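Here is a short note for someone opening this entry for the first time. The points below can be read alongside the sequence and the model.

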Amino acid sequence: MTDHAPTPAVATAAELLLVDDDPVFGQVLATALGRRGFQVTLAASVAQARDLLPQLRASHAVLDLRLPDGSGLELVPLLRQRLPQVRIVVLSGYASIPTAIDAIKLGATYYLAKPVDADAVVRAFDAGDAALPAIWPLPAEPPSVRRVEWEHIQRVLKDCGGNVSAAARALRMHRRTLQRKLGKRSGSL
């Protein structure tokens, strides 16, 4: 037996940047995505992700919308500039149509509402190639009043740069009321 036999090709794992501030969710999702063939780099904030960008060669990214020091949306154009082919899925526990549209306009491949599992993330990466809407399926029924209120609050909050006090003034409601509404994210919207 000689040592001149060709070395079998080793499949390289796709590199994936996962940015989520929930340590338990982040670790569980990172482990699950690792089992699906991704080499995952985990960051817990916009600042940590920015620090990783110069060395990053990720082909995929999963970004939480709300992070302690900003929005995952801030990272979308930075990733697109650094890694033009990166496939980006934005996750949010506070999903709204305006933020989904913003994510897609900035260059995200797909937008998913939490809770979500690794299979849904992988499907979202694949679905970005299809000529389908890159946002979770929209309901066939008209949205509820609570859902419309949530969408409006999210739009005004975005217009106010995420400033809750300014958004409360624009909405003509008490700041605490707005904070309570933002803190309450019901699955029944």
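1. At what angle do helix α1 and helix α5 pack? The model is a predicted one. In it, helix α1 (residues 23–35) and helix α5 (residues 118–127) pack at about 60 degrees, and their axes are 9 Å apart. That angle makes α1 oblique to α5. The crossing of α1 past α5 is right-handed. On the α1 side the contact is made by Leu-29, Ala-32 and Leu-33, and on the α5 side by Ala-118, Val-121 and Val-122. By class this contact has 6 nonpolar residues, with no polar and no charged ones.

2. Ile-97, Pro-98, Thr-99 and Asp-102 of α4 meet Arg-147, Glu-151, Gln-154, Arg-155 and Lys-158 of α6. The residues of this contact divide into 2 nonpolar, 2 polar and 5 charged.

3. How many salt bridges does a search of the whole structure find? The search finds 6. In one of them, the side chains of Asp-20 and Lys-114 meet at 2.9 Å, N to O. Asp-20 is in the loop between β1 (14–19) and α1, while Lys-114 is in the loop between β7 and α5, 94 residues apart. Asp-20 is buried, at 2% relative accessible area, whereas Lys-114 is partly exposed at 25%.

4. Asp-119 and Arg-36 form another salt bridge through their side chains, at 2.7 Å, N to O. Asp-119 lies in helix α5 and Arg-36 in the loop between α1 and β2 (38–43), so the pair ties together parts that are 83 residues apart in sequence. Both residues are partly exposed, Asp-119 at 36% relative accessibility and Arg-36 at 38%.

5. Glu-149 forms a salt bridge with Lys-181, with the closest N and O atoms 2.9 Å apart. This pair ties together parts 32 residues apart in sequence, because Glu-149 lies in helix α6 and Lys-181 in helix α8. Glu-149 is partly exposed, with a relative accessible area of 34%. Salt bridges that share partners also join Asp-20, Asp-64 and Lys-114 into one network.

6. Two backbone details deserve a look. Most residues other than glycine have a negative phi, and most peptide bonds are trans. The peptide bond from Lys-114 to Pro-115 is cis, with omega near 0 degrees. Pro-115 is found in the loop between β7 (110–113) and α5. Arg-172, a residue other than glycine, has a positive phi near 55 degrees. Arg-172 lies in the loop between α7 (164–171) and α8 (175–183) and is exposed, at 81% relative accessible area.

Note on methods:
Residues numbered from 1 in each chain as written. Predicted model: local features only at pLDDT ≥ 70, side-chain atom pairs only at ≥ 80, totals over all residues. Heavy atoms only, no water. Contact = heavy atoms within 4.5 Å. Helix = DSSP H or I, 4+ residues; strand = E, 2+ residues; numbered from the N terminus. Nonpolar A, V, L, I, M, F, W, Y, C, P; charged D, E, K, R; others polar. Axes fitted to C-alpha atoms, helices over the stretch in contact; angles between N-to-C directions. Parallel < 35°, antiparallel > 145°, perpendicular 65-115°, else oblique. Left-handed = near helix turned anticlockwise from the far one by under 90°. Buried < 20%, exposed > 50% of the residue type's maximum accessible area, 1.4 Å probe, protein only. Salt bridge = Lys/Arg side-chain N within 4 Å of Asp/Glu carboxyl O.
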